[in-house]
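Subject: Structure for you to look at

Hi there,

Could you have it open while you read?

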Amino acid sequence: MPVMELRVALTVEDFERVVTFYRDGLGLEPGDLWTEQGSGQIFAAGRATLEVFDPAHAEAVDRLEVGERLSGQIRFAFEVPDVHAALARALQYGATLVHEPTLTPWNDLNARVRSPEGLQITLFQGMKKS
């Protein structure tokens, strides 16, 4: 039986700040909002992909993006049309910069931020092949 959808659930202390970050800072499209027993917000984030790395590969990616092993067990990565604009917007809405955009060997321009709740996020833009 195939999986129909991937969802990631974040439990956060400052719900409004984090919702504002993902909605306004990263531009994710809000969906259902639940308020009956606490609060929950769905966001559409385009197509989902699950990447599974061993520690050596995770270290290699971290070294390429930020120069050292830094991310935890989970890191989000969002493909964006303009990494510089996405980075500026994320920072405006509470992200902290981990590393400026850097060109990877696979020709993506990757920037790394930390979200208001502390999750590391890669923003990446596929660069045109020359």
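This is a predicted model: local features need pLDDT of at least 70, side-chain atom pairs count only at pLDDT 80 or more; totals for chains, interfaces and linings use all residues.

**The nonpolar core**

The largest nonpolar core has 19 residues. Within this core, the residues with the most contacts are Phe 21, Tyr 22, Leu 26, Phe 78, Ile 121 and Leu 123. At least two core residues come from each of helix 1 (15-25), strand 3, helix 3 (83-92), strand 5 (108-114) and strand 6 (120-126). Helix 3 gives the largest share, with four residues.

Setting aside neighbours within four places in sequence, Phe 78 touches Leu 26, Leu 28, Ala 45, Ile 121, Thr 122, Leu 123 and Phe 124. Phe 78 is itself buried, at a relative accessible area of 16%.

**Aromatic pairs**

There are two aromatic pairs in the structure. In one of them, the ring centres of Phe 21 and Tyr 22 are 5.0 Å apart and the planes stand at 80°, so this pair is edge-to-face. Phe 21 is buried with a relative accessible area of 0%, and Tyr 22 is buried with 5%. Phe 76 and Phe 78 make an edge-to-face pair too, with 5.8 Å from centre to centre and 80° between the planes. Phe 76 counts as buried, at 14% relative accessibility.

**Salt bridges**

What does Asp 62 pair with? One partner is Arg 69, where the closest N and O atoms are 2.8 Å apart. Asp 62 is buried, with a relative accessible area of 1%, whereas Arg 69 is partly exposed at 35%. Another partner is Arg 112, also at 2.8 Å from N to O. Arg 112 belongs to strand 5 and Asp 62 to helix 2, so their bridge ties together parts that are 50 residues apart in sequence.

Arg 112 also forms a salt bridge with Glu 65, with 2.7 Å between the closest N and O atoms. Here again distant parts of the chain are linked, as Glu 65 sits in helix 2 and Arg 112 in strand 5, 47 residues apart. Both Glu 65 and Arg 112 are buried. Through shared partners, Asp 62, Glu 65, Arg 69 and Arg 112 are joined into one network of salt bridges.

**Surface and loops**

Leu 50 counts as exposed, because its relative accessibility is 66%.

Gly 72 is in the loop between helix 2 and strand 3 (76-79), and is partly exposed at 46% relative accessibility. Between Gly 72 and Leu 28 there are 23 Å from C-alpha to C-alpha, and the two are 44 residues apart in sequence.

Finally, please have a look at Asn 107, in the loop between strand 4 (96-103) and strand 5. The phi of Asn 107 is near 70°, a positive value in a residue other than glycine. Most residues other than glycine have a negative phi.

Best wishes

Key. Residues are numbered from 1 along each chain as its sequence is written. Side-chain values use heavy atoms; hydrogens and water are left out. Rings of Phe, Tyr and Trp (its six-membered ring) pair if their centres lie within 6.5 Å; planes under 30 degrees apart count as stacked, over 60 as edge-to-face and the rest as tilted. Buried means under 20% relative accessible area, exposed over 50%, partly exposed in between (1.4 Å probe, protein chains only). A nonpolar core is a set of buried Ala, Val, Leu, Ile, Met, Phe, Trp, Tyr and Cys residues joined through side-chain atoms within 4.5 Å. Contact means heavy atoms within 4.5 Å. A salt bridge is a side-chain nitrogen of Lys or Arg within 4 Å of a carboxyl oxygen of Asp or Glu.
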